[in-house]
Amino acid sequence: MSDELFMKRCLELAEIGIGKVSPNPMVGCVIVSGGKVIGEGYHQKFGEGHAEVNAIRAVLDAHGDDAAELLKNATVYVSLEPCAHFGKTPPCADLLIRHQVKKVVIGNRDPFPDVNGKGIEKLQRAGIAVVYGILNEECLHLNRRFFTRITQQRPYIILKWARTANGYFAPKNTVQQWISGPLAKKLVHKWRTEEDAILIGKQTAIADNPQLSAREWTGKNPLRIVIDRKLEIPADNHMYNDLAKTLVLNEVKTDVVGNIHFIEMEDMQYYLPQKIAFQLYLMDIQSIIIEGGANILNQFISSDLWDEARVFNSSTNWETGVFSPQINGRITSVTAIDEGYLTIYENINNQ
């Protein structure tokens, strides 16, 4: 029971790093000695110290001359297998061995080929007791973006839209018409800070002229991606402002103009979701929100290329409009929000 309790704390710490560590996983670490927590840490930013490094630093800072002895008798809890290879930082397994910790309790094994069991093996060869698989499902869920990129060679794909009570997604004309309310908007901006990228199609860019920023929440703006085969979006559209880097997927040119990156793709009318997913994987983009329009959402749904769908259901009825995409998935939560509710679906085919 205490193993699970300390692992839950690891997960709480790990989640603080959401939106800041990609394409690395989120990891939390708790160090316990003599039945007391003597240090905690989490991976705070890509390219900087891992969770174990920050937790050991906290022990050294807090306990001074006593730190070495405390660490020798310590159990280290970490939500993901300590790395065993040199990347942007030295191997965390080596760090734990150097401090001669007594035991390491791990949530998940790391599926990354340079780690995958090697960290556990290295610790065991050094005489350190290792237990793994503690809160395995919770740890997998936390790092579902990372695990998807490593095991499926594509980003974690989140679909998001709003629909009226009678099933409409957008008006038939080009006049912008809101379905969801102010709380839903704030929540969407929070989501944008948590994912690497956000994608829309040409029609949505022209009709709504969205900024795709996180201006109503503290955090980074996501990478913006727009599909514009023939480069028909006007130059004064928000997609071309300097709020965030923008990828324009098209069939005309490859070029870089300021923060706008034009990427030429062939035959975009065929297998477009698959081509986008592979292109983003090559760019180390770990997660993406697809916000529309209906055509691009339906393409990803019909390709079964999605992991999660977040659908706002309004109490409003429209007389006419474009029908909402239809999705089949396991409902994981239904939450009241504004005058309607938010339904979260997961794709059980991609687990």
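Leaving aside neighbours within four places in sequence, E291 is in contact (heavy atoms within 4.5 Å) with K160, V188, R192, I198, L199, I200, L212 and L297. This is a predicted model, in which local features need pLDDT of at least 70 and side-chain atom pairs count only at pLDDT 80 or more, while totals for chains, interfaces and linings use all residues. Residues are numbered from 1 along each chain as its sequence is written, and side-chain values use heavy atoms, with hydrogens and water left out.

E291 lies in strand 13 (residues 287-292), where strands (E, at least two residues) and helices (H or I, at least four) are DSSP runs numbered from the N terminus. The side chain of E291 also makes a polar contact with the side chain of R192, at 3.1 Å; such a contact is a pair of N or O atoms within 3.5 Å, and within protein one must be able to donate a hydrogen and the other to accept it, while residues adjacent in sequence count only if both atoms are side-chain atoms.

With a relative accessible area of 14%, E291 is buried, a word that means under 20% relative accessible area, as against over 50% for exposed and in between for partly exposed (1.4 Å probe, protein chains only). L212, in the loop between helix 9 (202-208) and strand 9 (223-227), is buried as well, with a relative accessible area of 2%. Residues up to four places away in sequence not counted, L212 touches several residues, including R192, M239 and E291.
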